[in-house]
Amino acid sequence: MSGLLRAKYVAVFSAIAVLAATACSPSDGKASGQVKIVDAWTMATPPGANVGAGYMRILNEGSASVRLVGGETPTSATVEIHRMSMDNGVMRMQPANEGLEIAAGASVELKPGGYHLMLIGLKAPFAEGASVPLTLVFEGDLRVKTTLAVRAMGGGGHEQQ
Ligand SMILES: [Cu+2]
């Protein structure tokens, strides 16, 4: 192989390497793979119920913090982030309008008695054993899909409404 030919091959392989690297990086600069959702669940709702709650663990495996600002699901009209807190011995729930920040490398648990997602305006009851599709929306329009497994009614649920 002449020196010129070898230089050509090197150039071609370099170009391929660059293309491969480009293809692997997110096109919009947002690494949606940095956020993982595990153990997502909700509770079965009685007939006629207007609201359901979403619980899960959110892991931020990225190097920048993320902020959960809402959600979308075809099963309800709206999704809000709520937080429960004790107020003079009474458990109260309020919208967390500031969202929920998850630091780089950290995880948070949405659970009964704490932060949760409130699915408001249910179009149909949640039946035990079903799964509810849900897209979590983070600041910067980062979207992460998950499904809530519907567990049996009762026991540590969302009593305050
Ligand atoms: Cu709530």
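Student: Why is Glu109 called partly exposed?
Tutor: Glu109 has a relative accessible area of 39%. Buried means under 20%, exposed over 50%, and partly exposed in between (1.4 Å probe, protein chains only). The value 39% is in between, so Glu109 counts as partly exposed.

Student: What kind of model is this?
Tutor: It is a predicted model, in which local features need pLDDT of at least 70 and side-chain atom pairs count only at pLDDT 80 or more, while totals for chains, interfaces and linings use all residues. Residues are numbered from 1 along each chain as its sequence is written, and side-chain values use heavy atoms, with hydrogens and water left out.

Student: What is the mean pLDDT of the protein chain?
Tutor: The mean is 84, and 76% of the residues reach 70 or more; pLDDT is the predictor's confidence in each residue, from 0 to 100. Over residues 16–29 the pLDDT is below 50, and this stretch has 1 contact in the model beyond near neighbours in sequence. Contact here means heavy atoms within 4.5 Å.

Student: What makes the meeting of Arg57 and Glu109 a salt bridge?
Tutor: The definition asks for a side-chain nitrogen of Lys or Arg within 4 Å of a carboxyl oxygen of Asp or Glu. For Arg57 and Glu109 the N to O distance is 3.1 Å, so the pair qualifies. Arg57 is in strand S2 and Glu109 in strand S7, 52 residues apart, and the pair links distant parts of the chain. Strands are DSSP runs (E, at least two residues; helices are H or I, at least four), numbered from the N terminus.

Student: How many salt bridges does a search of the whole structure find?
Tutor: The search finds 8. One of them joins Arg67 and Glu101 at 2.8 Å, N to O. Arg67 lies in strand S3 (residues 66–72) and Glu101 in strand S6, so this pair ties together parts that are 34 residues apart in sequence. Arg67 and Glu101 are also linked with Glu139 in a network of salt bridges.

Student: Why does Thr135 count as buried?
Tutor: Thr135 has 15% relative accessibility, and the limit is under 20%, so Thr135 counts as buried. Its place is in strand S9 (residues 131–138). Not counting residues up to four places away in sequence, Thr135 touches Gly70, Gly71, Glu72, Arg143, Val144 and Lys145.

Student: Why is strand S8 described as largely enclosed?
Tutor: In S8 (residues 116–122), 6 of the 7 residues are buried, so the rest of the structure largely encloses this strand.

Student: How do you know that S2 and S8 pair?
Tutor: Strands pair if DSSP finds at least two bridges between them. S2 (residues 51–60) and S8 have 4 bridges and run antiparallel, so they pair. Within S8, Met118 is the bridge partner of Ala53. S4 (residues 76–87) pairs with S8 too, in the antiparallel sense over 6 bridges.

Student: In which sense do S1 and S10 pair?
Tutor: S1 (residues 35–43) and S10 pair in the parallel sense over 3 bridges. By contrast, S9 and S10 run antiparallel and are joined by 8 bridges.

Student: What makes a set of residues a nonpolar core?
Tutor: Its members are buried Ala, Val, Leu, Ile, Met, Phe, Trp, Tyr and Cys residues joined through side-chain atoms within 4.5 Å. The largest core here has 27 residues, and Met56, Ile58, Leu117, Leu136 and Phe138 touch the most other members. Leaving aside neighbours within four places in sequence, the contacts of Ile58 include Val35, Leu68, Leu136 and Phe138.
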